[in-house]
Amino acid sequence: MSAPLRFSAFVMNTTSHILHGAWRLPEAQQTRFNSLDHWVELAKTLERGKFDYIFFADVVGLYDDYQGSWRKFVESGLQIPSNDPTVLASALAYNTEHLGIVLTNSILQSHPFDFARKISTLDHASNGRIGWNIVTSLSGNAWRNFGFDEITAHDERYRWADEYVDVVYKLWEGSWDDGALIQDKASGLHGDFDKVHKINHDGKRYRVEGPHLVAPSPQRTPVLFQAGSSAAGRRFAARNAEGQFIVSPNPAAAKALIDDTRRLVAENGRAPEDLQFFQGLSFVIGSTEEEAKRKAAELDEVLDPNTIIAHAAGGLGHDLGHYDLDTPIGDIETEGTRSTLAWLHEAVPDREPTVRDLARLRSHHGRIVGTPEQIADRLAVWRDAGIDGVNVTNATIPGSFTEFIDHVLPVLRDRGLARTEYAEGTARRKATGRDLLPDSHPAATYRGAFTDS
Ligand SMILES: Cc1cc2nc3c(=O)[nH]c(=O)nc-3n(C[C@H](O)[C@H](O)[C@H](O)COP(=O)(O)O)c2cc1C
């Protein structure tokens, strides 16, 4: 029998993350995102449901202008205001025992030395439950916020990410040997100098002497995630990632993507199953099919197509706000989300997709409407296509998660589609049985590589 699915809760420290307009539903509490209680309560709820991860998306700038301005983002709360998720992590760790905490951090926003130190500190504080979603920031505004004139070109961003991960791998895996921290009160010896190393990284963009200031945390390197399915993105994931967040339009497309990416993983000398795939899906749940359909219609009433297009276009490098909804999108070559375009062509295979298709597909794609049993039937098909887990996209917080936990997960457990208990140990041990990255991962080459203290 195939393994049970794993579950990640897709959230952002903001009001309107993906399903724009849903915050207006009476039960929606995502406007409380400034409150630490809001997030602690959610983390405890997810742990009650035995979710694997709370996955925080994050951006460090607005998407590209919509109708020539950034007005729409402010007026609709499209990821502004948005708060830093990393700051929440230690409170969430303190209030939970098993839940993995996955933080998005762009190569743009922090120097790798500083980032490595923060993550190691959090990995200690959480007993090894931290994950990192590696992103390269796809909006010009983000890059201008950090002093650049314009966004760095698509494939060059991934080359930048190659050096960034190299620096943090050296700090996490190579700077401290096992057993370097002694803390012997009798002798007064705190650390073994011969087991702590400078890394002396000297690359195109970074020069970092080291040593890492934090002694090895339970996982050393956090569990590594990536989202982005362009050729360069998949190459990066195949080399580095242990989890990939995908948004395939249907199970067959997911299977093709997974098979091809796993082939790349093997080409990198890694075991194909060392990369796990989490498909983004949202759920509208009813005790009858009619009730589920009624709830889906109520959700559609509040969803705002213009905001959904503003978000989608923000990664395309084209201001779709200037076009009529029936304009064909065409074969746009863009520095932004190449995978969005490929996805649109896959989802509308028989004709040229339009701006309206983009809005409709963005809000409906990955949406499963039905009774818990019907949802379980569909998830079985997704699992058979090869996904390892589901990234549960919310319409409302906490409602989308509590309904899934209370009504769908029990049915999934009865059918062997979801775990009944947490495994013990770190986030990586729960997922793979190991605390540390396997020897086949590129980060492992830095173990023992720096010897001259
Ligand atoms: C499910 C999912 C979640 C993402 N989350 C973030 C995020 O939180 N922050 C961010 O800057 N980019 C995020 N992205 C964008 C990706 O990191 C990537 O830049 C984008 O998909 C384009 O990559 P590609 O051209 O390789 O396909 C996300 C993408 C997907 C599919």
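**Helix packing and aromatic pairs**

In this predicted model, helix H6 (residues 154–174) packs against helix H7 (residues 231–240) at an angle of about 15 degrees, and their axes lie 9 Å apart. Because angles under 35 degrees count as roughly parallel, H6 is described as roughly parallel to H7. The crossing of H6 and H7 is right-handed. On the H6 side, the contact is made by His154, Asp155, Tyr158, Ala161, Asp162, Val165 and Tyr169, and on the H7 side by Ala232, Gly233, Phe236 and Asn240. The residues of this contact comprise 6 nonpolar, 3 polar and 2 charged.

Aromatic pairs in the structure number 24. One of them joins Trp132 and Tyr164, with ring centres 5.9 Å apart; the planes stand at 50 degrees, so the pair is tilted. This pair links distant parts of the chain, as Trp132 belongs to strand S4 (residues 130–135) and Tyr164 to helix H6, 32 residues apart. Trp132 is buried, with a relative accessible area of 0%, and Tyr164 is likewise buried, with a relative accessible area of 0%.

A further pair is formed by Trp143 and Trp160, with ring centres 5.3 Å apart; their planes are at 75 degrees, and the pair is therefore edge-to-face. Trp143 is located in helix H5 (residues 140–145) and Trp160 in helix H6, so this pair ties together parts that are 17 residues apart in sequence. Both Trp143 and Trp160 are buried.

Note on methods
Residues are numbered from 1 along each chain as its sequence is written. This is a predicted model: local features need pLDDT of at least 70, side-chain atom pairs count only at pLDDT 80 or more; totals for chains, interfaces and linings use all residues. Side-chain values use heavy atoms; hydrogens and water are left out. Axes are lines fitted to C-alpha atoms, for helices over the stretch in contact, and angles run from 0 to 180 degrees between N-to-C directions. Helices (H or I, at least four residues) and strands (E, at least two) are DSSP runs, numbered from the N terminus. Angles under 35 degrees count as roughly parallel, over 145 as roughly antiparallel, 65 to 115 as roughly perpendicular and the rest as oblique. A crossing is left-handed if the near helix is turned anticlockwise from the far one by less than a right angle, and right-handed if clockwise. Contact means heavy atoms within 4.5 Å. Ala, Val, Leu, Ile, Met, Phe, Trp, Tyr, Cys and Pro count as nonpolar, Asp, Glu, Lys and Arg as charged, and the others, Gly among them, as polar. Rings of Phe, Tyr and Trp (its six-membered ring) pair if their centres lie within 6.5 Å; planes under 30 degrees apart count as stacked, over 60 as edge-to-face and the rest as tilted. Buried means under 20% relative accessible area, exposed over 50%, partly exposed in between (1.4 Å probe, protein chains only).
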